[in-house]
Amino acid sequence: MWAYFKWELSQFFTNKKNIAVYVILLFLAIYFVLKIAPSYEPIEKVDVAQMEARYTTRDDFIKSVEGKDNIHPSVAFALAIFPGWNEYDKARIDAIGDKDYLKYAEATAGWYLYSDQLIVNSGDFFYNPLYYTYGNNYAHADGHYGYGYTASRFTGYVEGSSELSMELFEERTALQTLQRMLNDYLPIVLFISCIFLSVDIVLKDRRNPSLLKGFPIADWKKLLMKGIVAFIGSVLTFIPLCVGFIVIGLQNGFGDFSLPVPIYSYIEETFTNMPMITFILKNVLFMAIWFLFFIVISLFLSIIVKAEFANLFVSFLLIAAEWIYFERVMGAYSDIERYPTSYVQVGQVISGYRNFVYESPDLTYQYGLTIVGGCTLFLMILTLIVSKFKRFKLIA
């Protein structure tokens with residue numbers, strides 16, 4: 001069996017299609033470093049001019065109405081809350097001027113908490129205008145999430161021991177960029193790569209039937225070896241992407257594994273911080289389960305349908321399925337957490353963002369591992385059973 005494994009491994013890494021997948025990933029990493037990463041503009045950025053404008057406007061208002069009698073209730077309300085708001089902004093402005101990043105983190109955490117408390121149930125104040133672009137019907141909810149996320153993140157900076165910097169505050173370091181990409185489309189890119197790497201792992205044998213008959217092992221053992229090789233190849237898709245990680249790290253710093261990653265709890269409606277290393281390891285574990293899921297699907301369809309197109313179609317359908325039925329807050333009236341396709345956006349599931357947009361208390365990392373892992377195990381057993389029928393022999 002060891003000889004067969006080495007032969008499969010050699011075939012896999014000399015396959016021109018597989019080599020092309022790794023090369024494309026490398027080019028994507030380079031393109032990201034050169035074009036996408038430099039153009040990243042966070043909604044909650046360090047903007048001293050904006051802070052000064054807010055501070056000056058409120059300060060002028062306070063001075064113009066302070067001490068007057070018979071003022072309107074709304075003016076009295078503004079007069080009561082603006083000094084606290086300005087205190088935080090003034091502390092942030094002074095901290096940036098003094099390059100006291102710890103003081104800036106403390107004031108910023110307080111500013112976002114204070115702002116969110118005033119805005120979330122108010123019709124008079126609004127979140128950052130960038131949340132309200134492109135006709136976003138859920139802008140207020142997104143602003144509430146964004147302010148809570150930022151307050152939690154800066155609180156983590158204050159309580160942690162990481163070296164603070166402007167790049168860290170705007171999530172531009174290499175590890176924070178990785179975190180953002182895990183919350184975006186990086187898992188999908190890796191899943192598509194896994195699909196292309198494993199799509200012909202069985203069907204390629206039709207090109208060498210006589211050679212394969214020289215390996216006197218059972219079909220299920222061959223399928224097991226093929227699955228292991230495809231899994232190894234899928235895990236190695238991280239390597240071309242490391243080029244981008246290293247370049248960003250050299251430009252903006254690497255960050256450290258103790259950096260706080262805010263995690264939202266729908267039940268408690270609050271954020272708690274998770275260490276960066278824990279967040280990354282959870283993503284890796286979940287994506288590894290997904291890799292196995294797609295590989296087993298490819299193995300199963302290859303012995304049943306014997307057509308690469310069927311492998312691609314079913315696998316891509318599973319990735320795209322959530323976009324077909326996705327609707328915000330649908331978790332409140334449907335069992336969305338029972339669909340394995342609801343967990344494709346791995347990083348968003350772990351961070352709680354998917355939990356937030358669906359408004360489903362059960363759409364969690366633990367539940368997702370159970371659902372996807374259970375489906376994978378079921379398909380593995382089914383593939384093993386089917387492979388024992390002569391009708392579905394790998395080589396006739």
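There are 14 salt bridges in the structure, a salt bridge being a side-chain nitrogen of Lys or Arg within 4 Å of a carboxyl oxygen of Asp or Glu. Please keep in mind that this is a predicted model, in which local features need pLDDT of at least 70, side-chain atom pairs count only at pLDDT 80 or more, and totals for chains, interfaces and linings use all residues. Residues are numbered from 1 along each chain as its sequence is written, and side-chain values use heavy atoms, with hydrogens and water left out.

| Salt bridge | Closest N and O atoms |
|---|---|
| K204 with E8 | 3.2 Å |
| K226 with E8 | 2.6 Å |
| E170 with R172 | 2.8 Å |

**Charged pairs**

Let's begin with K204, which forms a salt bridge with E8. This pair links distant parts of the chain, 196 residues apart: K204 sits in the loop between α9 (186–198) and α10 (209–212), while E8 belongs to helix α1 (residues 2–14). Helices here are DSSP runs of H or I with at least four residues, strands are runs of E with at least two, and both are numbered from the N terminus.

E8 also forms a salt bridge with K226. Because K226 lies in helix α11 (residues 219–235) and E8 in helix α1, the pair ties together parts that are 218 residues apart in sequence.

Are these residues buried or exposed? Both K204 and E8 are buried, where buried means under 20% relative accessible area, exposed over 50%, and partly exposed in between (1.4 Å probe, protein chains only). E8 has a relative accessible area of 0%, and K226 counts as buried because its relative accessibility is 0%.

In the E170 and R172 pair, E170 is buried at 10% relative accessibility, and R172 is buried with a relative accessible area of 17%. Elsewhere, a network of salt bridges links R54, R58, D89 and R92.

Helix α13 covers residues 276–304. Its 29 residues should span 42 Å at 1.5 Å a residue, and its end C-alpha atoms are 42 Å apart, which agrees; the expected span is 1.5 Å times one less than the number of residues. Of the 29 residues in α13, 21 are buried, leaving the helix mostly covered. Just after α13, K306 takes a positive phi of about 60 degrees.

Strand β1 (residues 260–265) is mostly covered too, with five of its six residues buried. β1 pairs with strand β2 (residues 270–275) in the antiparallel sense over six bridges; two strands pair if DSSP finds at least two bridges between them.

**The cavity**

How many cavities of 30 Å³ or more are there? The count comes to one. A cavity is a set of points on a 1 Å grid over the protein atoms alone where a 1.4 Å probe fits but cannot get out, and lining residues have an atom within 4 Å of a point. Grid points are joined across faces, edges and corners, and a volume is the space filled by probe spheres set on the points.

The largest cavity has a volume of about 30 Å³. Its lining includes E44, K45, R92 and F169. α5 (101–119) and α6 (139–159) are the elements that give two or more residues to this lining, and α5 gives the most, with three.

Conventions
On a 1 Å grid over the protein atoms alone, a cavity is a set of points where a 1.4 Å probe fits but cannot get out, and a pocket is an open set with protein on both sides within 12 Å along at least five of seven lines; lining residues have an atom within 4 Å of a point.
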